[in-house]
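The following paragraphs walk through a few parts of the structure shown here, beginning with a strand and ending with a pair of helices.

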Amino acid sequence: MIDEVKSWVAGAQRIVVLTGAGISTDSGIPDFRGPQGLWTKNPHAEKMSNIHYYLADAEVRKASWQNRLASPAWSAKPNPGHLALVELERRQKLHAIITQNIDELHQLAGSSPERVIEVHGSMRRFMCWGCGMRGPMQKVLDRVRAGEEDPKCRDCGGILKSDTISFGQQLVPEVIDRAMQSAGEADLFIAIGTTLQVYPVAGAFDIARSAGAKTVIVNAEPTPYDAMADAVLSDSISAVLPAIIEGRGSASRSLN
């Protein structure tokens, strides 16, 4: 199946990829729902990702700031999966990367920022819930390191958080529209490291398929869309993507 998917990549002109937490696990950033996932191991962590708890409880915010400070994402480096997608762009085949990730590893790998659609925002920026001001996250983390447990906006005194979409928080309609439009323009759609369970983003798979795109899922765990995909590859993303995009390495195969 690897060779067949490789031929689809070679023949495609407008490849759209949807990436989830699984593409970053080989960079040392744990996913959420996998066997070693953040929420699997610590259900309390999910509360820190809920906007209602975050806004209502200073203790949740204090714990969140300590979590941000200690995040493995700050020292994480792009892995071969991210770099394979850069190669796809270099070959002028990449139409868009729709990512559920907030780590910006696609951009750090060399993907053009204008091709990366961040549906859940970025942990590398902060935003004020009160006035909407945004800026580099490290500026606020410096304040936390200096002893502020729950730093407030210096402009309006409002609550600060990462510039990411928390549970209970509205997605940005323009960003979702752009993601879905891109999916509908794909001739090959590859879902990578995502459970395809979070909507509306998971619906990009349906849109691409309905528009006639070939569909490939690269994910360690089964997804609700496996039976509909043209190919399902369940081995290491860091091995599979270079194999199908760059023709390097090998990976065992599985089909739906």
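Two strands count as paired if DSSP finds at least two bridges between them. In this predicted model, S1 and strand S7 (residues 188-192) meet that condition with five bridges, in the parallel sense. S1 is also joined by five bridges to strand S2 (residues 94-99), and these two run parallel as well.

S1 is mostly covered, with five of its five residues buried. Ile15, Val17 and Thr19 point one way from the strand, while Val16 and Leu18 point the other way.

Is serine 24 buried or exposed? Its relative accessibility is 1%, and buried means under 20%, so serine 24 counts as buried. Leaving aside residues up to four places away in sequence, serine 24 touches Ile29, Asn79, His82, Asn101, Asp103 and Leu105.

Helix H5 (residues 58-69) packs against helix H8 (residues 137-145) at an angle of about 110°, and their axes are 10 Å apart. Angles of 65 to 115 degrees count as roughly perpendicular, and H5 and H8 are therefore roughly perpendicular to each other. Their crossing is left-handed. H5 contributes Trp65, Gln66, Arg68 and Leu69 to the contact, and H8 contributes Met137, Val140, Leu141, Val144 and Arg145. By type, the residues of this contact are six nonpolar, one polar and two charged.

Technical notes:
Residues numbered from 1 in each chain as written. Predicted model: local features only at pLDDT ≥ 70, side-chain atom pairs only at ≥ 80, totals over all residues. Heavy atoms only, no water. Buried < 20%, exposed > 50% of the residue type's maximum accessible area, 1.4 Å probe, protein only. Contact = heavy atoms within 4.5 Å. Axes fitted to C-alpha atoms, helices over the stretch in contact; angles between N-to-C directions. Helix = DSSP H or I, 4+ residues; strand = E, 2+ residues; numbered from the N terminus. Parallel < 35°, antiparallel > 145°, perpendicular 65-115°, else oblique. Left-handed = near helix turned anticlockwise from the far one by under 90°. Nonpolar A, V, L, I, M, F, W, Y, C, P; charged D, E, K, R; others polar.
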